[in-house]
Amino acid sequence: MSRTALIVIDVQESFRTRPNWQLVNHPDIAERVNRLVQAARDKGDLVVWVLHTEPGTGGAFDPANGYVRLMDGLEPLPDEPRITKTSHNAFTTTNLQQLLTQHGISEIVVSGIRTEQCCETTARVGSDLGYDVVFVTEATATMALAHWSIRDEASIEEILADPRTLTAEQVAGRTEYVLAGRFATIRTLDELTAVPVTS
């Protein structure tokens, strides 16, 4: 039995309905995640699918609006767990830890949206819970991040024009800085999807 689980976080249509999706660093996030999913299945690893919901808000993450579904091209197998969360990390409002315990998991591989938000928070909590955490930055996605003082009301043009704005690449880079060696090991897509050489 494999001791590794791939956690696919919030790769859902909700994000593509928002104006800031045009600022995303990896518009091909579904394809990137699919590479990881295929490699995990080939190795017999557990794949866990997580969706973020904000019931009753009327927004893109409100299940009533129909966007809380996996992006096109992502297809869980019937036996792969699917869970929904209402917190930033994938543990606090779900049965994820119980699920991982039942499967004897000691290592989690984190992928999904957004790099510095739900993915990073899941990595930190997972580390504190005692899991070995692998963070695949290339299989996460995020957007340019406005300064906190204008974030809620700024237009895309204002965000891009503000010198305080962090690019998606800067956000991802900072995430690696704070996770590496503390909460997670950073690995690349190629490293995790390489086919083992048999003698």
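A salt bridge is taken here as a side-chain nitrogen of Lys or Arg lying within 4 Å of a carboxyl oxygen of Asp or Glu. In the predicted model, this rule gives a count of 9 salt bridges. One of them joins Arg 32 to Asp 28, with the closest N and O atoms 2.8 Å apart, and Asp 28 is partly exposed, its relative accessible area being 32%.

A salt bridge is also found between the side chains of Arg 124 and Glu 120, where the N to O distance is 2.9 Å. These two residues belong to helix α4 (residues 115–128), and because they are 4 residues apart in that helix, about one helical turn separates them. In the salt bridge formed by Glu 191 with Arg 187, the closest N and O atoms are 3.3 Å apart. Here Glu 191 is partly exposed at a relative accessible area of 44%, and Arg 187 is likewise partly exposed, at 29%.

In the pair formed by Phe 15 and Phe 61, the ring centres are 5.1 Å apart and the planes stand at 80°, so the arrangement is edge-to-face. This pair links distant parts of the chain, since Phe 15 lies in helix α1 (residues 13–16) and Phe 61 in the loop between β2 (46–52) and β3 (82–85), 46 residues apart. Both Phe 15 and Phe 61 are buried. In the pair formed by Phe 91 and Tyr 131, the ring centres are 6.0 Å apart and the planes stand at 20°, so this pair is stacked. Because Phe 91 lies in the loop between β3 and α3 (96–102) and Tyr 131 in the loop between α4 and β5 (132–141), the pair ties together parts that are 40 residues apart in sequence. Phe 91 and Tyr 131 are both buried.

Notes:
Residues are numbered from 1 along each chain as its sequence is written. This is a predicted model: local features need pLDDT of at least 70, side-chain atom pairs count only at pLDDT 80 or more; totals for chains, interfaces and linings use all residues. Side-chain values use heavy atoms; hydrogens and water are left out. Buried means under 20% relative accessible area, exposed over 50%, partly exposed in between (1.4 Å probe, protein chains only). Rings of Phe, Tyr and Trp (its six-membered ring) pair if their centres lie within 6.5 Å; planes under 30 degrees apart count as stacked, over 60 as edge-to-face and the rest as tilted.
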